[in-house]
Amino acid sequence: MTSLTPQDQIEHQLQHHEEEHPDHRMFGLATFLVADAMTFAGFFAAYLTFKAVNPLLPGAVYELELPLPTLNTILLLVSSATFHRAGVNLRQGLNERCRYWLLATAGLGLAFLISQMVEYFTLPFGLADNLYASTFYALTGFHGLHVTLGALMILIVWWQCRTPSGRVSASNHFPLEAAELYWHFVDGIWVILFVILYLI
Amino acid sequence: MTLTVPQQSPPAPQSLQPTGWLRYLSFSVDHKVIGLQYLVCGFAFYLIGGALAGAIRTELVSPISDFMPRDVYNQVLTLHGTVMIFLWIVPVVNGAFGNYLIPFYVGARDMAFPRLNAVAFWLIPPAGLLLISSYFITGAAQSGWTAYPPLSLTTPAAGQIIWILSVLLLGGSSIFGGINFIATILKLRRPGLKLMQLPMYCWAMLGTSILVVLSTPVLAGTLIMLSFDIVAHTGFFNPGLGGNVVVYQHLFWFYSHPAVYIMVLPAFGLVSEILPIHCRKPLFGYTTMVYSIMAIVVLGLVVWAHHMFTSGTPPWMRLFFTIATAFIAVPTGIKFFNWLATLWGGKISLNSAVLFSCGFIVNFVLGGITGVALAQVPFDVHVHDTYFVVAHFHYIVYGGSVFVIFASIYHWYPKVTGRLMNEHLGRFHFLLTFVGFNLCFAPQHWLGLNGMPRRVAEYDPQFQLINQFSSVGALLMAISTLPFLWNVIASAFRGDIAGDNPWNALTPEWLTTSPPPVENWKGDAPLVTNPYAYGTPENEIDLSSVTGSDIWRNGQ
């Protein structure tokens, strides 16, 4: 390359450009996740403002227990690690191992959703009972929707990489990486949500 | 000139897309087709929104509510605002011109995500039809385009829910479009093309898309919460249930103030393309233009509460938002003076595109001055929710954005169709629009200063004469659409043949055939490192200059 003039380099890049269509899907997904994060940011801002200026009305019930959400946090953090293992294995062409880790991730996601449901059904307040109850269900529900979509994506990827020559493989790992980035994002949101909703 | 036209490569393989006029009704992924889909669809909604505006101005000819009942008036003004903002200006200045021009400007064959692009467009017609049809089926929303609770909670629910659904779809479309523009501008540039060599519209669209991606989702979340309040009787924004209406206003304006820049920044970009070409001068102050756009993006995100000075905002908040808003006048003023300096001493050809651009500069400066005035708390508290705000807002979005849309249509029509529009009709259109617009909205400043509230079908009889002036202006604006429509349609068949580059322009979209082929160029994309090198003798241009701005910095 050192012997090439800048013009030659441009020509080289141009030809390269013509042969291999550049893949900007990860960039697009990351931009989308920024937008998605802003939706959560809006919810968080609303909740924190309510907390600062709107006291709970007299007689309203709003109290949260810590054990179950702590378990949920652990479940999601572990699932991020298992997803990472799945990606490492796929890139090495170890589809069977990758599928094992994917299934573990989806299982952890499902366990999170079930645990969340258990929490919903044991709480002493419903969606429209008071302002904080509504905010709690809106935030966790919107996040749970994200977890559900993520779990579905994992299962789709799990199905698509069942053979080394399948749609998702060592040579085409974008779907897995996209689902992984999304999953890490959903986990990160949960950590913020856990701190804001349960700890402070 | 500073162009590198590469050798011809073998012809592209046959396209799998539909051809002929049918492709404009198809799920086409061609950015030029999608751009025109946005434009024509947007213009159809402009006519609907204009008819609604006509109904409002007819009602306001007399001080009593005689042309339509009060609740219908509320529906009409809600639909007018929503249609004009979400279905006309935002899709057209972003979607239409952005999709048509940005791939040319970055030297690409299409947008980064063509299918997402088509999805983004095809969300708009159903959303628009949903919104319009709600008027006939359930009665449309009645709480204005801002949908402030508790008003939006107490007006009929069905129309409000349809309104929310429609705006959510349009917001989704906008976000998808924004993602596409950011990826295209940052990732799809032709090798060798640097960021500071891009035409100004790219920068405007990059800034706009950043605003879209950061602020539109907040509106979506807010409207979801509002719909819960309506449907599930939660109390987010319902004080009766312990909620807080001001939180809605904060979240709403966190989107809707940037939305003003989403409507007007692309217009800034388009004017920056049109003026240099027709003045035969480089765009003055390219670098300052770029930094001004980015400054507007940053400041535009932190001024939202200036819409809420009468909502019990604490003094520190009033102080902060007044100062931040006043700061926005600085980058905006820089851009304004840059356009004047571009015009200064140029060989200006006063065609329709330039007339509309100059009309934009005049109107926008008036709207900008009232904007700075409105940012001052003592003044704002006095005129809040009066016709002064209506006048200010229309000077920005009609006098600003819509004038630029017309200028752009006159300017790029030859590229799209290969034929020129009729200049006499174009100037007549400009005259009618400019006179009609100012006659319609200038008197509203006076009405507002004297205390006529906005959004009410009835008013104090002392305001009748001025309101009638305003309505005559609205009538002129309605009539002005006719020569334009005739011009667009007739010129497509009988206009003078334009050739590939009727304006002798240097920006890349003019360096291909008119209309451009599928995938934009027969060979490779030309490398345009200085899109504004007008009026500089050819032998003075330094072909190896590294940035676009160097040439006119050194060459003067």
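Residues are numbered from 1 along each chain as its sequence is written, with chains lettered from A and ligands numbered from 1 in the order in which they are written.

**View 1. Confidence in chain B.** pLDDT is the predictor's confidence in each residue, from 0 to 100. Its mean over chain B is 91, and 93% of the residues of chain B reach 70 or more. Over residues 545–556 of chain B pLDDT stays under 50, and the model has 24 contacts beyond four places in sequence for this stretch (two residues are in contact if their C-beta atoms, placed from the backbone, lie within 7 Å). Where pLDDT is low, the predicted coordinates should not be read in detail. The model scores ipTM 0.89 and pTM 0.91.

**View 2. Helix α6 of chain A and its cover.** Chain A has 6 helices and 0 strands; helices (H or I, at least four residues) and strands (E, at least two) are DSSP runs, numbered from the N terminus. Helix α6 (residues 174–199) of chain A has 26 residues and should span 38 Å at 1.5 Å a residue; its end C-alpha atoms are 36 Å apart, which agrees. The expected span is 1.5 Å times one less than the number of residues. Buried residues of α6(A) include A:L176, A:E180, A:W183 and A:W190. A residue is buried if 20 or more other C-beta atoms lie within 10 Å of its own, exposed if 12 or fewer, and partly exposed in between, with C-beta atoms placed from the backbone. The cover of these buried residues includes α2 (25–53), α3 and α5 (131–160) of chain A.

View 3. A:G87 lies in helix α3 (residues 67–91) of chain A. Because A:G87 has 17 C-beta neighbours inside 10 Å, it counts as partly exposed. Leaving aside neighbours within four places in sequence, A:G87 is in contact with A:L176, A:E177 and A:E180. A:G87 and A:E180 are 93 residues apart along the chain, and their C-alpha atoms are separated by 8.0 Å.

**View 4. The side of chain B that touches chain A.** Here 30 residues of chain B are in contact with 29 residues of chain A. The elements giving two or more residues to this side of chain B are α6 (157–187), α7 (200–231) and α8 (245–279) of chain B. The largest share, 9 residues, comes from α7(B). By class, this side of chain B has 19 nonpolar, 9 polar and 2 charged residues (Ala, Val, Leu, Ile, Met, Phe, Trp, Tyr, Cys and Pro count as nonpolar, Asp, Glu, Lys and Arg as charged, and the others, Gly among them, as polar).

**View 5. Helix α8 of chain B.** α8(B) has 35 residues and reaches 50 Å from its first C-alpha to its last, close to the 51 Å expected at 1.5 Å a residue. Of these 35 residues, 33 are buried. A kink of about 35° is centred on B:W253, the bend at a residue being the angle between axes fitted to the seven residues ending there and the seven starting there. B:R280 follows α8(B) and has a positive phi, near 55°.

Notes
This is a predicted model: local features need pLDDT of at least 70, side-chain atom pairs count only at pLDDT 80 or more; totals for chains, interfaces and linings use all residues.
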